[in-house]
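Visitor: I have not seen this structure before. Could you take me through it by question and answer?

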Amino acid sequence: MSDGWPALEVASWTPTRDTLHMWLQILGKQRMTASPVLNHWWHSTLTVTARGLTTGPLAAGNDVVDIELDLVAHRVVIRSSTGDREDFSVIGRSVADFYARIVRAQKDFGLPGLAHPSPNEVERAIPFAEDREHNTYDPAQAHTFWRQLLIADRLLRQLRSGFRGKASPVHFFWGAMDLATTRFSGRPAPRHPGGAPNCPDRVMYEGYSEELSSAGFWPGGGQEGAFYSYAYPPPEGFASAPVPEGSFWDDGLAEFLLPWETARQSIDPDGLASEFLDATAQAAMDLAQWPDRSGVAAY
């Protein structure tokens, strides 16, 4: 058993998770409005850091600004290439309070406003400026989630390194609150049906415009979250592909799952998770007969 894999029951931190989700949507939308457009919405994602999650560099005229949600000190830190810096504590803040501080930072640092200041991919889309309902933040729970992301980020980077073709960075999608990396075959895919709550269908059309195999981690799918892996479109026989013991195909989600607690309680958590990610990605490529299924050269 590995002491490095923290336990965090999904049901235990719902209020904090929902508040954190909205804060991350605000930061993600800020990145989207201050970044050049990239295919599959890669310009809108966040990145895991040694302190939390960051927007990365944002265009502010001739200067660059970045915004980091520090899940060690539990503060938002805003830095500019001019040398200017602001930070504020997130403890005790509602989504409306958090958003108001970001709006102030937009003016102070020359950042654009959000094009659509309401959440996506949630059933109830309360405008950020009006959301005082989500106001719970437990620092220990948020910190533990970030520790999960650090482990998932490392394993997903290893997975990404094993493919020569087009592949996304390992990045955090704030809509569904998941960390993911995606491989592409280079062939077009059938139009995605869309249907995500409070999300324009065109977002899904672009995200799934090419045949892909995607894997990641999110705080769902298991008692303590789960690694997932899916293919779009799913090739024939994919759901029956052999996977490591403890992982399984979920018909409702149409993807393979490896619960976090299953890996955490195993003799070799890293090994089991890597085996799951490798096996499911390889099955997706083999069954769909991708043109190039080779790995990277040995360095």
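**The sheet and its surroundings**

Guide: S9 and S10 pair in the antiparallel sense, over seven bridges. This comes from a predicted model.

Visitor: Which residue of S10 stands opposite Ser 213?

Guide: Ser 213 belongs to the face of S9 that also holds Glu 211, Ala 215 and Phe 217. S9 and S10 are antiparallel partners. The residue of S10 opposite Ser 213 is Ala 231.

Visitor: Which residue of S9 is the bridge partner of Thr 181?

Guide: S8 and S9 run antiparallel and are joined by seven bridges. On its other side, the residue in question stands opposite Ser 229 in S10. The bridge partner of Thr 181 in S9 is Ala 215.

Visitor: How many of the residues of S9 are buried?

Guide: Buried here means under 20% relative accessible area. Both faces of S9 are covered, with Glu 210, Leu 212, Ser 214, Gly 216 and Trp 218 on one side and Glu 211, Ser 213, Ala 215 and Phe 217 on the other. S9 is largely enclosed by the rest of the structure, because its buried residues number nine of the nine.

Visitor: Which residues of S10 are buried on the side that holds Phe 227?

Guide: S10 is mostly covered, with seven of its seven residues buried. One side has Ala 226, Tyr 228, Tyr 230 and Tyr 232.

Visitor: In S12, what is the bridge partner of Ala 226?

Guide: S10 (residues 226-232) and S12 (residues 255-259) run antiparallel and are joined by four bridges. Tyr 228 of this pair stands opposite Leu 257. The bridge partner of Ala 226 is Pro 259.

Visitor: Which strands are the edge strands of the sheet?

Guide: Six strands form an open sheet with antiparallel pairing, in the order S7-S8-S9-S10-S12-S11. An edge strand pairs on one side only, and this holds for S7 (171-173) and S11 (248-250).

Visitor: At about what angle to S10 does helix H6 run?

Guide: H6 covers residues 269-287. This helix lies across S8 (178-188), S9 (210-218), S10 and S12. Its angle to S10 is about 10°.

Visitor: What does H2 reach from its first C-alpha to its last?

Guide: H2 takes in residues 95-109, which is 15 residues. At 1.5 Å a residue, the expected value is 21 Å, and the helix is close to it. The reach of H2 is 21 Å.

Visitor: Which helix and strands do the buried residues of H2 pack against?

Guide: The buried residues of H2 are Val 95, Ala 96, Phe 98, Tyr 99, Arg 101, Ile 102, Ala 105, Gln 106 and Phe 109. They pack against helix H1 (14-33) and strands S3 (58-60), S4 (63-70), S5 (75-80) and S6 (85-89).

Visitor: Which residue follows H2?

Guide: The residue has a positive phi, near 75°. Its name is Gly 110.

Visitor: Is Ser 80 buried or exposed?

Guide: Ser 80 lies in strand S5. Leaving out residues up to four places away in sequence, Ser 80 touches Asp 63, Val 64, Val 65 and Phe 109. Because its relative accessibility is 14%, Ser 80 counts as buried.

Visitor: How far apart in space are Ser 80 and Val 65?

Guide: In sequence, Ser 80 and Val 65 are 15 residues apart. From C-alpha to C-alpha, their distance in space is 4.4 Å.

**The whole chain**

Visitor: What radius of gyration does the protein chain have?

Guide: The protein chain holds six helices and 12 strands. For 299 residues, a compact globule would come near 19 Å, which agrees with the protein chain's radius of gyration of 19 Å.

Visitor: What share of the residues in the protein chain is buried?

Guide: The C-alpha trace spans about 55 × 40 × 40 Å along its principal axes. The chain exposes about 13,100 Å², with 51% supplied by carbon and sulfur atoms. Of the 299 residues, the buried share is 53%.

Definitions and conventions
Residues are numbered from 1 along each chain as its sequence is written. This is a predicted model: local features need pLDDT of at least 70, side-chain atom pairs count only at pLDDT 80 or more; totals for chains, interfaces and linings use all residues. Side-chain values use heavy atoms; hydrogens and water are left out. Helices (H or I, at least four residues) and strands (E, at least two) are DSSP runs, numbered from the N terminus. The expected span of a helix is 1.5 Å times one less than its number of residues. Buried means under 20% relative accessible area, exposed over 50%, partly exposed in between (1.4 Å probe, protein chains only). Contact means heavy atoms within 4.5 Å. Two strands pair if DSSP finds at least two bridges between them. Axes are lines fitted to C-alpha atoms, for helices over the stretch in contact, and angles run from 0 to 180 degrees between N-to-C directions. The radius of gyration is taken over C-alpha atoms; the globule rule is 2.2 Å times the number of residues to the power 0.38. Accessible areas come from the Shrake-Rupley method with a 1.4 Å probe; for residues, only the protein chains shown count as cover.
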